[in-house]
Structure formats: C-alpha cells, structure tokens
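Welcome! Take a moment to look over the model and its sequence, and then follow this short report from heading to heading.

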Amino acid sequence: LLGAAYVPLDLRWPQARLRDVVKASDPAVLLCRHEERAWLQQALGSTYQTMVPAIHVEESWQGEDQSSHVLSDPSLPAYVLFTSGSTGEPKGVVHTQASVMNFARWSAQHLHLRPDDRLSGHAHLSFDLSTFDLFGALYAGASIWPIPESVMFRGALLRQFIQEHRLTIWYSVPRLWGLM
C-alpha cells in the first residue's frame, strides 16, 4: 500500500470525456504504452501535455523508491472509477483500500476461488466488472487471462479461447454469454 490510487482511462472514450476525467482526477502521472503517447497528448490538449508526465509501461520508472513509505490506512483511495454521469459530467467514485480488500475477500470466499483457478479478464479496467477479475484473482492467488479484442465478440473464437486456456471462472455481462 503505497498511497497511490489509479484511475483507468479507456482510449475508446470520446476525447471530451477523456479530457474531463483527466481534469477531474488530476493525475500525477499517466501510464501508457509508447505508441499511445502521441494520441493521448493530442486528445488531452496542451494543458496536460506539459503538466502531466507520461511514463511508458515498456520503460522502467526511475522515480524515488517508495518501498520505505508503505502506508497502512485502509481508508486511503485504491482506485477511482468514473461513471457516465447523469448530469453529462463524469463523476469519480473513490474505492478505498478497505473496500478493495472486502470485495476481494468476499469474491474469493463466495465463489471458492483457488490458486489453480484461471479467470477471464475481458472487462476494461475502466469498467467496474474488471475489479472482480483483478482483485478476486489476486486475493486467491489465481491467474487472469486477458481476452484479446480480436476474440472478444466472436462467439466461436471466444469459446475456443476459453477451452484452449482452460478458464475456470467467467464473470461477464449477459451479452457475452449470448455470443457463446
């Protein structure tokens, strides 16, 4: 627990929404793949090009070693997910470290997750459905198998992926069940 919270962005969002979420969350850093940096800078506009450094996931961050600054306050934010916003403005919902642990524990216990389970990882990190895959698997010591975009909505390929990788847990919206 380093005291940092993440805010997942979906590059498929309209640029205006992306700018609104970045403005509202006021990130200290943007973590992106190298090939996304130029697009992100263009999408976010000049304000964020100079104010928010981008760190590429392919590179190691040479920042300060934070390992000696471990925090233990469960009320600290772990992540913020933005709703679609009933007013048209995205609204951030803060999830604390305690809520993450409670949800992860409940998920693992309720569904009897085990270290040998293989969970599908198909929901984008900006969608709350992804928190089960991510935190439930981490809590149980299970593995997550990201579903490639090229397979996601193609029923036969999706079934083949599930069989090939021997997935044991699938948590999704009903639309994907219908495709299978």
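## Helix 4: its buried side

The buried residues of helix 4 are Gln97, Val100, Ala104, Ser107 and Ala108; buried means under 20% relative accessible area, exposed over 50%, and partly exposed in between (1.4 Å probe, protein chains only). They lie on the same side of helix 4, because they cover an arc of only 100° around the axis, taken from the directions from the helix axis to the C-beta atoms. Their packing partners are strand 3 (77-82), strand 4 (92-96) and helix 5 (130-140), where contact means heavy atoms within 4.5 Å.

Helices (H or I, at least four residues) and strands (E, at least two) are DSSP runs, numbered from the N terminus.

## About the model

This is a predicted model, in which local features need pLDDT of at least 70 and side-chain atom pairs count only at pLDDT 80 or more, while totals for chains, interfaces and linings use all residues. Residues are numbered from 1 along each chain as its sequence is written, and side-chain values use heavy atoms, leaving out hydrogens and water.

Most residues other than glycine have a negative phi. His112 sits in the loop between helix 4 and strand 5 (118-121) and counts as exposed, because its relative accessibility is 57%.

Arg166, also not a glycine, has a positive phi near 50°. Its place is the loop between helix 7 (155-164) and helix 8 (174-179), and with a relative accessible area of 55%, Arg166 is exposed.
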